[in-house]
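Hi,

Here is the structure I promised to pass on.

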Amino acid sequence: EINRKNEKTFEYLEKLNDLSYISMSLTFNKDLSMEEFHLLQEKYSKLDFKWVGVRTTEPGTRWSDEQPMHLIGFNPNFNDEPSSNYRPNPELYPYFNLIDIIEESPIPVDEFPEIYGTHFKSRLSYLRDQEEFVEIFDFNPTKIDFYNHSLDYIESNGVKAYGILVYGTAN
């Protein structure tokens, strides 16, 4: 069934004008480590990777039977972040903004995977630490429990991508 759907997708893409700009959400058969994700980014450098979905629970399960499974991830683009001088404490939340690595130039490309993982953990930790804000604006007092569960999961299993959102031309 999956291969049949993939074939239909490729047939559709082949019919498009090469300059057609598309957005595509992709899920992987096997989760990718940040190293594998970074290699994918390098291999398809003409694509604009807009979002990386991060696995925060065992596949096919939920973090809580009474709660929805929240999609969570990060934008891997260094230049897509809002420009602001505000940064939470960098010792508590390193690489909170990916653009912060520019201050440490030059950063070897092989360190990007670790930086992606640190960035995601910092953002997730920051959200977890803003309990009052999350409860007020998310209207979900158990969201902090989700963040705690997610952090525990990635500490045990690593930051792994289950899917991506990419933009690019059809060719």
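Below is what turned up, starting with how the values were made.

This is a predicted model, where local features need pLDDT of at least 70 and side-chain atom pairs count only at pLDDT 80 or more, while totals for chains, interfaces and linings use all residues. Numbering runs from 1 along each chain as its sequence is written, and side-chain values use heavy atoms, with hydrogens and water left out.

Helix H2 (residues 34-43) has Met34, Phe37, His38 and Gln41 as its buried residues. They sit on the same side of H2, because their arc around the axis is only 100° (taken from the directions from the helix axis to the C-beta atoms). Leu39 and Lys43, on the other side of H2, are exposed. Cut-offs: buried is under 20% relative accessible area, exposed is over 50%, and partly exposed is in between (1.4 Å probe, protein chains only). Helices are DSSP runs (H or I, at least four residues), and strands are too (E, at least two), numbered from the N terminus.

On to salt bridges (a side-chain nitrogen of Lys or Arg within 4 Å of a carboxyl oxygen of Asp or Glu): the structure holds six. Among them, Asp138 pairs with Lys143, with the closest N and O atoms 2.7 Å apart. Asp138 is partly exposed at 29%, whereas Lys143 is buried at 11%. Another joins Glu36 and Lys30 (3.4 Å, N to O); Glu36 is partly exposed at 33% and Lys30 exposed at 56%. Lys50 and Asp48 also meet in one, at 3.2 Å, N to O.

Cheers
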